[in-house]
Amino acid sequence: MPLALTRLVCLLTSARTPRLCFLASVSFVSFVTFVHARPAEAQPADALGVRAQGMGGAFTAVADDATAAWWNPAGLAGGSYFSSVLEYGHLPNPTDSTTKAVFIAFPALGLSYYRLPISEMRPATSTGPGAAIRQDQGTLSELGVTVGQSLGNHFVVGSTLKVMTAGQTHAGLDLGGMVTFGMARIGLSVRNVTEPTFGEGADALALKRQARAGFALSTGPRGVIGTGAVAVDADLTTTVTAFGEQQRVALGGEIWTTQRVLGLRGGVSRNLVGSEETSLSGGASVAFRRQRSLTSYVDGQVTAGSDETPRSWSVGVRLTF
């Protein structure tokens, strides 16, 4: 490993001993090794997370609630003592396009379960025996366990181990990293590290590796929702979906009222390949406080795009303690 890179990683992670410095450097390089551009057939990056979708998908470096299990496992650390999210969404594809998800998180442990339509993960031109049936009616179910580990005062790595079922059952792995300095955050996430494949032949569903990077400025400390945030995300890989190839750049923001009763968010996302369409998103949250430390939220968002990516929406309920 080049000496300059080692010193930089040690500085970012505040590793004060040679052993911690070496471990931090190895973790960083191992993570970045997975990040290389390649076509992929996989879940759309912004398929889950009502808040994230309302910000146009600019959430990798924010990831400050229980949906970090999907967006960036490293964001789980340092959050509220308890966070849970229950959500339902309708994706653009008119056939079998609903999503359902449950996320439960503590600072060091997260549990997640979600169901996604296979029709959103494959190009409409897929062929082979049973392809149409599988595209229209199939679902992918995932049950995940998320853990994180701090490396120094500013660097966190996290992982989500998943059991994935779509006719067959396979294990899967997602990785994440988060660097925080004051209001600034840099996030990296890699989904489907093991690249599981369901089925055989032309009708097989191969979930290729996806990588995404983000930068955010937030008023909240690491893993804690602040009163405001602005963020930008960029896909580092190309994903093949029902609407063609996708490699998106997203810009979004969120702001809360003084009493944190109402939250408003918006975002814009642009596909850099294929049809190169632009999508606009907007969302809101309303808080209901039962006790001083227990707060429930109702979240909603709408995303509108071009004819190739029509309107989608999702709603959710969050509980924090």
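A pocket is an open set of grid points with protein on both sides within 12 Å along at least five of seven lines. The views below all come from a predicted model.

**View 1. The largest pocket holds about 300 Å³ of space.**
Its lining is made of 22 residues. Asp64, Ser80, Val224, Ile225 and Thr320 lie nearest the centre of the pocket. Strand S3 (98-106), S18 and strand S19 (312-320) each give two or more residues to this lining. By class, the lining has 9 nonpolar, 8 polar and 5 charged residues.

**View 2. The largest cavity has a volume of about 450 Å³.**
The lining takes in 28 residues. Closest to the cavity centre are Pro44, Asp46, Pro92, Gln246 and Arg248. S18 supplies the largest share, 3 residues. The class count is 8 nonpolar, 15 polar and 5 charged residues. The model has 3 cavities of 30 Å³ or more.

**View 3. The second largest cavity contains about 100 Å³ of space.**
It is lined by 15 residues. Ser189, Arg191, Gln210, Ala211 and Arg212 are the closest to its centre. At least two lining residues come from each of helix H4 (68-71), strand S7 (168-181), strand S8 (184-191) and S11. Here the lining has 7 nonpolar, 4 polar and 4 charged residues.

**View 4. Tyr81 and Phe321 form an edge-to-face aromatic pair.**
The ring centres of Tyr81 and Phe321 are 6.1 Å apart, with 65° between the planes. Tyr81 lies in the loop between H4 and strand S2 (83-90), and Phe321 in the segment after S19, so the pair ties together parts 240 residues apart in sequence. Tyr81 is exposed, at 57% relative accessible area. Phe321 is partly exposed, at 43% relative accessibility. Ring pairs also link Tyr81 and Phe321 with Phe82 and Phe106 in a cluster. The whole structure has 8 aromatic pairs.

**View 5. Trp256 and Tyr297 form an edge-to-face aromatic pair.**
For Trp256 and Tyr297, the centre-to-centre distance is 5.6 Å and the angle between the planes is 75°. Trp256 belongs to strand S15 (residues 248-256) and Tyr297 to strand S18, so this pair ties together parts 41 residues apart in sequence. Trp256 is buried, with 7% relative accessibility. Tyr297 is buried as well, with a relative accessible area of 6%. Buried here means under 20%.

**View 6. Arginines sit over the rings of Trp256 and Tyr297.**
Arg260 lies over the face of Trp256, 5.1 Å from the ring centre. The charged end of Arg318 sits over the ring of Tyr297, at 4.2 Å from its centre.

Notes: Residues are numbered from 1 along each chain as its sequence is written. This is a predicted model: local features need pLDDT of at least 70, side-chain atom pairs count only at pLDDT 80 or more; totals for chains, interfaces and linings use all residues. Side-chain values use heavy atoms; hydrogens and water are left out. On a 1 Å grid over the protein atoms alone, a cavity is a set of points where a 1.4 Å probe fits but cannot get out, and a pocket is an open set with protein on both sides within 12 Å along at least five of seven lines; lining residues have an atom within 4 Å of a point. Grid points are joined across faces, edges and corners, and a volume is the space filled by probe spheres set on the points. Helices (H or I, at least four residues) and strands (E, at least two) are DSSP runs, numbered from the N terminus. Ala, Val, Leu, Ile, Met, Phe, Trp, Tyr, Cys and Pro count as nonpolar, Asp, Glu, Lys and Arg as charged, and the others, Gly among them, as polar. Rings of Phe, Tyr and Trp (its six-membered ring) pair if their centres lie within 6.5 Å; planes under 30 degrees apart count as stacked, over 60 as edge-to-face and the rest as tilted. Buried means under 20% relative accessible area, exposed over 50%, partly exposed in between (1.4 Å probe, protein chains only). A charge sits over a ring if NZ of Lys or CZ of Arg is within 6 Å of the ring centre and within 35 degrees of the ring normal.
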